[in-house]
Amino acid sequence: MTPPPAAAARLDSAPLPLPEKKYSTPEAPARADRPFKGIALILASTVFLGISDVTAKYLSATLPSIEIAWIRFVVFALIMTPAMMPGSPLFALPTKRPGLQLMRGLTVLASSLFFISGLRFLPIAEASATGFVAPLLVTALSIVFLNEKVGLRRWIATAVGLIGVLIILRPGTGAFHPAAFFPLVSALAWACTLIMTRMMSGTERAVTTMTYSSIAGVILLSALVPSVWVTPSWHDIALGVFIGVASTAGQWIVVLAFRYADASVLAPFSYTQLLWVSSLGFLIFGEVPDVYTVTGAAFIVASGLYTAHRERVRRSQLLAVSGEPSPNA
């Protein structure tokens with residue numbers, strides 16, 4: 001808006017203090033009811049995430065887990081750099097929950113680091129199937145952190161999923177490997193991530209959340225990586241960059257998918273990641289999932305699908321009682 005001539009003259013003769021520049025947080029994009037597009041996106045995300053996991057396992061033969069994770073988060077942070085620059089249209093650092101954002105970033109890092117550590121010792125299908133127990137752990141954590149009431153059927157579904165984990169890991173037998181705890185800890189860290197994401201939903205944009213995750217990961221890993229540093233070859237660097245790009249793309253596509261469909265609709269299709277990692281594990285590493293892994297994975301997937309179904313039923317009941325319209329309407 002151009003000031004009138006008289007005001008312009010006064011501005012020329014008497015300097016005025018400039019108003020402090022404030023950055024406002026743009027609103028998150030509106031939801032749209034396009035379930036088929038959401039399903040297509042979630043399927044695409046499983047390809048990127050599955051390839052990223054397989055590449056990380058391949059690279060773990062030559063580089064320490066911390067260094068692999070460090071390269072991944074450096075690439076992640078570089079991709080998110082425009083969101084860190086004041087004045088950029090994508091600037092996303094303003095947040096109402098800085099502490100929670102940083103804590104979420106630490107759990108994302110822990111989930112990634114422990115999962116990569118497990119890949120060094122475990123077949124990728126076994127590690128991935130165990131990691132899919134995370135949504136079931138959310139059931140228990142939601143009671144403590146979200147004050148949610150969990151019904152008997154959801155508890156039974158969670159128990160079935162944990163039985164699936166026991167079938168895969170077979171603790172107390174000669175087939176048990178201590179590294180099996182790594183994907184379990186990774187799943188617990190990811191469940192904490194999901195809980196904090198729910199706590200910030202409606203107030204924080206996805207780009208803000210991803211930016212803080214990249215910052216937290218780079219800062220902590222940069223402090224840890226000198227103690228385990230192994231000079232990577234150009235081949236290792238290229239694979240590390242590929243992991244960073246593929247995992248970031250996969251996470252971003254997941255965010256896009258949830259704009260078009262509810263979690264209960266998308267959950268069944270997220271398990272296709274097990275097919276990709278099992279197929280690639282066979283082609284690249286010659287790993288064939290044994291009957292215990294397949295059986296345990298079936299328990300975990302079945303319990304996850306039922307939990308997603310109960311979430312959908314519960315959400316429909318809450319909307320019916322409150323009279324609120326669906327966000328997909």
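Let's start with the overall make-up. The protein has 13 helices and zero strands. Read from the N terminus, the order of elements is α-α-α-α-α-α-α-α-α-α-α-α-α. There are 329 residues, and buried ones make up 43% of them. Now the contacts.

Next, helix packing. I have two pairs to show.

Pair one is α3 with α4. Helix α3 covers residues 65-79, and helix α4 covers residues 98-119. Their axes are 9 Å apart, and the packing angle is about 135°. That angle makes α3 oblique to α4. The crossing of α3 past α4 is right-handed. Who touches whom? On the α3 side we have S65, I66, I68, A69, R72 and F73. On the α4 side they meet V108, L109, S112, L113, I116 and S117. Sort the contact of α3 with α4 by class, and you get eight nonpolar, three polar and one charged residues.

Pair two is α6 with α8. Helix α6 runs over residues 134-145, helix α8 over residues 181-200. Here the angle is about 50°, and the axes lie 8 Å apart. So α6 and α8 are oblique to each other. The crossing of α6 past α8 is right-handed. From α6, the contact takes in A134, L137, V138, L141, S142 and F145. From α8, it takes in A187, L188, W190, A191, C192, L194, I195 and R198. By class, the contact of α6 with α8 has twelve nonpolar, one polar and one charged residues.

On to electrostatics. How many salt bridges does a search of the whole structure find? One. The side chains of E287 and K57 form it, at 3.4 Å, N to O. The two partners come from distant parts of the chain, 230 residues apart. E287 sits in the loop between α12 (273-285) and α13 (291-322). K57 sits in helix α2, residues 35-59.

E287 has 18% relative accessibility, so E287 counts as buried. K57 has 10%, so K57 counts as buried too.

First up, I215. You will find I215 in helix α9, residues 206-224. Its relative accessible area is 24%, so I215 is partly exposed. What does I215 touch, once residues up to four places away in sequence are set aside? M84 and L93. There is also a C-alpha distance to note. I215 and V74 are 141 residues apart along the chain, and their C-alpha atoms are separated by 8.8 Å.

Then H309. This residue lies in helix α13. H309 has 42% relative accessibility and therefore counts as partly exposed. The C-alpha atoms of H309 and A267 are separated by 9.2 Å. Along the chain, H309 and A267 are 42 residues apart.

To recap. The model is predicted. The protein has 13 helices and zero strands. α3 is oblique to α4, and α6 and α8 are oblique to each other. The salt bridge joins E287 and K57. E287 counts as buried, and K57 counts as buried. I215 is partly exposed, and H309 counts as partly exposed.

Conventions: Residues are numbered from 1 along each chain as its sequence is written. This is a predicted model: local features need pLDDT of at least 70, side-chain atom pairs count only at pLDDT 80 or more; totals for chains, interfaces and linings use all residues. Side-chain values use heavy atoms; hydrogens and water are left out. Axes are lines fitted to C-alpha atoms, for helices over the stretch in contact, and angles run from 0 to 180 degrees between N-to-C directions. Helices (H or I, at least four residues) and strands (E, at least two) are DSSP runs, numbered from the N terminus. Angles under 35 degrees count as roughly parallel, over 145 as roughly antiparallel, 65 to 115 as roughly perpendicular and the rest as oblique. A crossing is left-handed if the near helix is turned anticlockwise from the far one by less than a right angle, and right-handed if clockwise. Contact means heavy atoms within 4.5 Å. Ala, Val, Leu, Ile, Met, Phe, Trp, Tyr, Cys and Pro count as nonpolar, Asp, Glu, Lys and Arg as charged, and the others, Gly among them, as polar. A salt bridge is a side-chain nitrogen of Lys or Arg within 4 Å of a carboxyl oxygen of Asp or Glu. Buried means under 20% relative accessible area, exposed over 50%, partly exposed in between (1.4 Å probe, protein chains only).
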